[in-house]
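My notes are below the display.

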Amino acid sequence: MTAADLPLELEELRHAAQSAATTLAAAPFLRPGSAQDVLEDVARGRDGLTWFDWPREMPDAERRDRLAKLLCATGVVVAEKGGGIRFTRPELADYLTAHYISRRYPRARSLRARSYLAPQAVWPWPDTGMQLFLAALWWRSARPTVDRRIRRLLHERHRDPNIHFVIELARRNLLPDSGILEQVMEVLRDALTHPDGGEGVFGLLFDLDPRQALAELESLVSNPGPRTTDRRRLAAVDEISKHAELRGAKNLAILAGNLTGAPSDRFETAILIGERDPQQGKRARQLLAASPDMGDLRADVVLHLGSPELMREFVALGHGLPDRKREEILVVLLGAAAGDGIAAAEEFASTATQEDTPLRIAELVRGRDTATASRILESLLWRDDPADGEVRFRAAVMIGEIEPAQAVPVLERFAMDPEGSGALRVAAANRIVAVHGGPMTTLVLLADDPGLEVVYRGDAAQAVSNVDESLGARLYISISKTGLSSHVSRLSWLRKAYACDVEQATPELTELAADARVAGKIRLEAVKVLRSTLPRTRVIALYSTIVDTADDQVALDAAREVVEMEALTGHQLLARLARRGKATIGFRITAAIEAEGEGVRSLREFATTARPDTARLRAATALLKHDRSAGRAALRAIVKRADGRIRIQAAQALPGNAAVVDALVHVSEHDRSDAVRFEAADIAMDHDAKRGRAAMQKLLDAPRTSPKIREQARRRLS
C-alpha cells in the first residue's frame with residue numbers, strides 16, 4: 001500500500017512510525033532493516049530484544065535497559081516508574097500492531113486472521129483502535145474479505161452493538177471509496193422506523209453525520225413509514241429540539257397536524273405533545289376528535305379536551321359514536337354545564353341507536369329537569385314504531401316515579417294496549433293497585449279478556465285475588481270456561497278458585513267430577529278436592545259415577561276411596577268391577593279379592609273357569625279365606641288337571657300338611673316333566689320324609705325317568 005492509498009489518519013501514523021524507525025535504525029547491535037520490527041514487537045507487548053545481535057557477555061538486564069533508552073530516544077516511547085515503557089500515543093501502538101497483522105496475513109484468510117473484524121458482544125471492543133486500523137490496512141489487500149465482514153457486523157443478528165465499529169470506520173473515513181457511509185445510514189434509517197429500534201439510533205446518527213441526522217429525523221416526522229409509531233416520531237422531535245430548538249418546534253407542529261398511528265397511539269401522543277406545547281396539544285386532540293377513524297376513542301379525546309361546546313355537539317349529534325360513549329360524555333357535560341347537557345340529552349334521545357338508551361338518558365336528566373325527562377320517556381312510550389315491551393314498561397314506571405299524578409293513567413293506557421306483551425300488561429295493571437293504590441278495574445278487564453293468553457289472564461286473576469278473594473274466584477271460574485282450556489287446565493283453574501272461595505267453586509268442581517266426557521283421573525282429582533266440602537253421601541255418589549264410567553284403573557281407585565269412607569258400599573263397587581266383562585282377568589280378580597265377602601261369588605267363578613292357570617290359582621287361593629271347601633276343591637282340580645309347576649304351587653297352597661303331601665305325591669307320579677316330578681317328590685320329603693322318600697324311590701325306579709333325573713334322585717336318597 002502506498003502513502004497515497006492511505007487515509008490521512010493512517011498516513012500520519014505511518015509517517016510517525018517511519019520517523020521513529022529511522023532514529024532507531026542507528027542503534028548499535030541492531031540488525032539492518034529491523035527497526036520497524038522492533039517497534040511492532042514492543043507495540044504488541046513483546047520485548048523486541050530478538051532483533052539485536054547482542055554481545056554474549058552483556059547481561060539481559062543491561063540489554064533491556066539499553067533498548068528502553070534507544071526507544072525513548074525515538075520520541076514515541078516514554079519510560080514509566082517501575083521500569084516499564086509505553087507509547088506516548090496509544091493510537092500509534094494500535095497502528096503498529098495492525099501493520100504487523102496485515103503484513104503477516106495480507107489476504108486475511110488464515111484461521112488466525114478470521115478472529116479479527118468478527119462480531120463481539122460488547123462495545124467498545126477491547127482492541128477497537130487496532131481493528132479499525134487493521135480494517136483500513138486490509139482494505140486494499142483483502143477488500144472482499146473486509147466487505148463481507150462489515151456486512152456481517154451490520155446484519156440484524158450482530159448489529160447491536162457492532163454497528164458502532166462500522167460507524168467509527170465511516171466517521172473517520174478509514175475505508176475510502178467503500179460506500180460504507182451509505183450502508184450505515186441505510187441501516188440506521190431502517191432502525192429509525194423499526195418498532196424495536198432503540199432511541200440510541202438517534203445518537204448514532206448524530207455521531208455519524210449531524211446534518212444528515214437532522215434531515216433523517218425530520219423526514220421521519222414528516223413522512224412516517226407504515227411501521228413508524230407516533231410515539232417514535234415524537235421522540236424524533238425531542239431529539240431534533242436538543243440540537244435545533246426552532247426546527248424542533250416546527251416539527252412538533254407538523255406532528256400535531258399529522259398523527260398517523262393506531263388510535264390509542266395517536267391519542268397518547270397528542271397528550272404528550274400538549275406537555276411540550278399546550279397549544280399544539282389542543283390542536284392535535286381537536287383534529288383527532290374530528291377524525292372518524294379514531295372510532296370510539298373520540299369520546300375519550302372529547303372528554304380530555306373538556307370543551308362544553310364540543311361535548312354538547314358529540315352528545316347531540318353522535319358523529320358515529322355508540323350510545324354508551326355518548327352517555328359517558330353526557331355525564332361529564334351535565335356536571336360541567338347542566339343547561340347544555342339537558343338540551344343535548346333530548347336531542348340524543350331522539351337519535352339513539354339502542355332502544356333502552358332514552359331510559360338511561362331520562363334517568364341522568366330527571367334529577368335536574370323532570371319536564372325534559374318526562375318528554376323523553378313519553379316519546380319513547382308512545383312513538384309510532386313501538387320499542388321493546390320491557391323498555392316501554394320501564395318508561396311507564398319511570399314516568400309515574402317522576403310525576404305521580406300521571407302514574408295510573410299511563411299504566412292503564414299501557415296495560416290496555418292489545419299490541420303489548422301480556423306479562424307486561426298485567427304487571428302494569430298490578431302496579432296500579434300494588435304501588436299506586438289505584439282501582440283493580442284494569443286487572444279485572446285483563447282477567448276477563450278472552451283475547452289475552454290464558455296464562456296472563458290467570459296472573460291478573462291472581463293479582464285480584466290478593467286483594468279480593470271472592471272476585472278472584474269468579475275470575476278463575478271464568479277462565480276455566482275458556483273454550484280452548486283442556487280438562488287438566490280447567491281443574492287447575494278451579495283449584496285456584498276453590499282456594500279463594502269454596503262456595504263459588506264447589507258447583508263447578510262437582511259438575512266437572514260428574515262429567516263422563518272428562519278423563520277419569522281429572523274427575524277423581526276433582527272429587528278429592530271436594531271431599532272436605534260435600535256431604536259424604538254426595539262424595540260417594542260422585543265416586544260411584546266414576547266407577548261406572550271411568551277406565552278400569554281409575555274406577556278401581558275410585559272404589560278404593562269409597563272403601564275408606566264406607567266399607568260395604570266400597571266393597572259392593574269393587575264386586576261390580578269384578579263383574580266388568582271387558583276388563584282383564586287380572587283386574588277382575590284384584591277387584592274380587594279387595595271386595596272381601598262381596599267378591600266371593602266372582603272368586604268361585606274365577607277359581608274354576610279362569611284362564612290361564614295362574615289366574616285360577618290366584619282366585620282359588622284367595623277363595624280359601626271365604627269358602628275353604630270351594631277353595632280346596634279348586635286347588636285340587638288344578639293339581640289334577642293342570643300341567644307343570646303350577647300343580648306344585650297349587651299343592652303347596654292347600655290347607656293341611658297331609659293334603660299338601662297327597663297332592664305333591666300325585667304330581668310326582670303323574671306330571672309329564674321329569675323335573676317337575678322330581679321337584680314335587682323333593683318338596684314332599686320336606687313335609688313327610690317317609691312318603692316323600694317313597695315317592696322319590698318310585699321316581700328312581702320308573703323306566704321313563706331320564707338318566708339325569710334318576711342320578712339326582714339317587715343323590716337325594718343317599
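The entries follow in the order in which I looked things up.

**Set-up.** I am working with a predicted model, in which local features need pLDDT of at least 70 and side-chain atom pairs count only at pLDDT 80 or more, while totals for chains, interfaces and linings use all residues. Residues are numbered from 1 along each chain as its sequence is written, and side-chain values use heavy atoms, with hydrogens and water left out.

**Helix pairs.** Two packed helices are described by the angle between their axes and the distance between the axes. The axes are lines fitted to C-alpha atoms, for helices over the stretch in contact, and the angles run from 0 to 180 degrees between N-to-C directions. Helices are DSSP runs (H or I, at least four residues), numbered from the N terminus.

I began with helix H15 (residues 297-305) and helix H17 (residues 323-336), whose axes come within 9 Å and cross at roughly 10°. I therefore noted H15 and H17 as roughly parallel to each other (angles under 35 degrees count as roughly parallel, over 145 as roughly antiparallel, 65 to 115 as roughly perpendicular and the rest as oblique). On the H15 side I found Ala299, Asp300, Val302 and Leu303, and on the H17 side Lys325, Glu328, Ile329 and Val332; contact means heavy atoms within 4.5 Å. By class, I have 5 nonpolar, no polar and 3 charged residues in the contact of H15 with H17. Here Ala, Val, Leu, Ile, Met, Phe, Trp, Tyr, Cys and Pro count as nonpolar, Asp, Glu, Lys and Arg as charged, and the others, Gly among them, as polar.

Next I took helix H27 (residues 487-500) and helix H28 (residues 502-514), which pack at an angle of about 150° with their axes 7 Å apart. That angle makes H27 roughly antiparallel to H28. I recorded the crossing of H27 and H28 as left-handed, meaning that the near helix is turned anticlockwise from the far one by less than a right angle (right-handed if clockwise). Arg490, Leu491, Leu494, Ala497, Tyr498 and Cys500 of H27 meet Val502, Ala505, Thr506, Glu508, Leu509, Glu511 and Leu512 of H28. I sorted the residues of this H27 and H28 contact into 9 nonpolar, 1 polar and 3 charged.

The last pair was helix H34 (residues 600-609) with helix H35 (residues 613-623), where the axes come within 7 Å and cross at roughly 140°. This makes H34 oblique to H35. I noted a left-handed crossing for H34 and H35. From H34, Val600, Leu603, Arg604, Phe606, Ala607, Thr608 and Thr609 meet Arg616, Ala619, Ala620, Ala622 and Leu623 of H35. The residues in the contact of H34 with H35 come to 8 nonpolar, 2 polar and 2 charged.

**Cysteines.** I asked how many disulfides the structure holds. The number is 0, with a disulfide taken as a pair of cysteine sulfur atoms within 2.5 Å. I also checked the accessibility of two cysteines. Cysteine 500 is buried at a relative accessible area of 16%, and cysteine 72 is partly exposed at 28%. Buried means under 20% relative accessible area, exposed over 50%, and partly exposed in between (1.4 Å probe, protein chains only).

Most residues other than glycine have a negative phi, and most peptide bonds are trans. I found a cis peptide bond between tryptophan 123 and proline 124, with omega about 0°; proline 124 sits in the loop between helix H4 (90-104) and helix H5 (128-141). I found another cis bond from aspartate 160 to proline 161, with omega near 10°, and proline 161 is in helix H7 (residues 159-171).

For phi, I noted asparagine 173, not a glycine, at a positive value of about 55°. Asparagine 173 is in the loop between H7 and helix H8 (180-193) and is partly exposed at 46% relative accessibility. Aspartate 177, also in the loop between H7 and H8, has a positive phi of about 60° and is exposed at 69%.

**Single residues.** Is glutamate 239 buried or exposed? I have glutamate 239 as buried, with a relative accessible area of 11%. Glutamate 239 lies in helix H11 (residues 230-243) and touches Phe202, Phe206 and Leu217, not counting residues up to four places away in sequence.

Arginine 44 is in the loop between helix H2 (35-43) and helix H3 (60-73) and is partly exposed at 24%. Leaving aside neighbours within four places in sequence, I found arginine 44 in contact with Thr97 and Tyr100.

How values were computed. Helices (H or I, at least four residues) and strands (E, at least two) are DSSP runs, numbered from the N terminus.
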